[in-house]
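Visitor: I would like a close look at one part of this protein. Please keep it brisk, and go on from there to other spots worth a stop.

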Amino acid sequence: MDRKVGTINNLTSRRTNPQEKMVTRIVDLRSDTVTKPTEGMRAAMANAEVDDDVLGYDPTAFSLETEMARTMGKEAALFVPSGTMGNLICVLAHCDVRGSEVILGDNCHIHIYENGGIATIGGVHPRPVKNNDDGTMDIDLIEAAIRDPVGELMYPTTKLICLENTHANTGGRCLSVEYTNRVGEVAKKHGLKLHIDGARIFNASVALRVPVHRLVQAADSVSVCLSKGIGAPVGSVIVGSKNFIAKARRLRKTLGGGMRQIGVLCAAALVALQENVGQLEFDHKKARFLADGLNEIKGLKVDSCSVETNIVYIDIEEGSMTTAEKICKYLEERGILLMQESSSRLRVVLHHQILASDLQYALSCFQQAVKGVQNEIGN
């Protein structure tokens, strides 16, 4: 996937001629990972009570892990530096024999964007199943992908099923409680474990109006990102049983994820949980507002039905005489940053630091971008 992105440094320093003004307004729609710590987070970080977490004594890390375990309805939790490490630890903990196999979506984050870590580091074989447009995998295809134990000398041994909620590559679509429970039933039937990559699980909870613990009740482990929708600066938390987290803690150390006074980071995450989960509904409304506005621009198309949370994919209609790269460049010159997914597709992600006025400005620039290119061709 050809994903390109503008940078703030490029924007604030670019000047094509001496008379050109530097860009002063930045509307960063690249991801919800670009948010800056709020004043409350910075204050909490500065005043955090800390100790050595590798030795198991950081009180603020303990507070965060206790709160996340309670919120997710699991026995225990563990702070990790990143979502990629969190997913890797969970897969390795469940698939503790090299040559094990995990069933996962062909368009999911673990399979596409995590550098093949489960295979290269863990020796775990990925068995991809087609993701539908709503982020699900057909239940019968999941079950069909489970290896028959009779062929154990020929095939990897299936140990785990992975889901992703929300599903980023399908536009932040939400997996329902009913669907997740059905996958959990399949896993139990075959003696497998279920892991949920819940990088944006709070977005799913808010969008579906379902308590977050219900969304992950069927899962044996969940990885929850703190630095996406809820806006903390760093980290993820994995949750599961006490035995699972004890195993995960050893794997975290093996992978170099054991850090010392992590309470400085966990303090910001606690503020994010308290202040920003309740803001996610507004992010979703902003995404729908942007999608509706973009659909009014001739040459652009957004599948409004797919905009369930904070991610919007923008398709450039055939015959519009422009490309994603041209639009990206035009917008970047005006301080608007977003992701280029392909030659005809763009991605934007809303977050709590995007204002209503930012969206109005962005829509105006999108309109000018498409109109400007068409005028160039007409001349």
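Where is the place of asparagine 115?

Guide: This is a predicted model. Asparagine 115 sits in a loop. Helix 5 (109-113) lies on one side of that loop and helix 6 (117-120) on the other. The backbone here deserves a look. Asparagine 115 is not a glycine, yet its phi is positive, at about 60°. Its relative accessible area is 73%. The cut-off for exposed is over 50%, so asparagine 115 counts as exposed.

Methionine 321 also has a positive phi, near 65°, and is a residue other than glycine. Its place is the loop between strand 11 (311-316) and helix 14 (324-332).

Another backbone feature is a cis peptide bond. It joins asparagine 165 and threonine 166, with omega at about 0°. Threonine 166 belongs to the loop that runs between strand 6 (157-164) and helix 8 (177-189).

Next comes a lysine with a record attached. An unreviewed UniProt entry annotates Lys228 as "modified residue: N6-(pyridoxal phosphate)lysine". Lysine 228 is in the loop between strand 8 (221-225) and strand 9 (236-240). Its relative accessible area is 16%. Buried means under 20%, so lysine 228 is buried. Leave aside residues up to four places away in sequence, and lysine 228 touches Asp32, Thr33, Ala199 and Arg200.

Now to a pair of helices. Helix 4 (residues 83-94) packs with helix 11 (residues 242-254). The angle is about 120°, and the axes are 9 Å apart. Roughly perpendicular covers 65 to 115 degrees, and roughly antiparallel starts over 145. The two helices are therefore oblique to each other. The crossing of helix 4 past helix 11 is right-handed. From helix 4 come Met85, Ile89, Cys90, Leu92, Ala93 and His94. They meet Phe244, Lys247, Ala248, Leu251 and Arg252 of helix 11. Sorted by class, this contact has 8 nonpolar, 1 polar and 2 charged residues.

The last stop is serine 63, in helix 3 (residues 59-72). Serine 63 has a relative accessible area of 37%, so it is partly exposed. In sequence, serine 63 and leucine 270 are 207 residues apart. In space, their C-alpha atoms are 8.3 Å apart.

Technical notes. Residues are numbered from 1 along each chain as its sequence is written. This is a predicted model: local features need pLDDT of at least 70, side-chain atom pairs count only at pLDDT 80 or more; totals for chains, interfaces and linings use all residues. Side-chain values use heavy atoms; hydrogens and water are left out. UniProt positions are given in the numbering used here, feature names are shortened, and annotations may be inferred rather than shown by experiment. Helices (H or I, at least four residues) and strands (E, at least two) are DSSP runs, numbered from the N terminus. Buried means under 20% relative accessible area, exposed over 50%, partly exposed in between (1.4 Å probe, protein chains only). Contact means heavy atoms within 4.5 Å. Axes are lines fitted to C-alpha atoms, for helices over the stretch in contact, and angles run from 0 to 180 degrees between N-to-C directions. Angles under 35 degrees count as roughly parallel, over 145 as roughly antiparallel, 65 to 115 as roughly perpendicular and the rest as oblique. A crossing is left-handed if the near helix is turned anticlockwise from the far one by less than a right angle, and right-handed if clockwise. Ala, Val, Leu, Ile, Met, Phe, Trp, Tyr, Cys and Pro count as nonpolar, Asp, Glu, Lys and Arg as charged, and the others, Gly among them, as polar.
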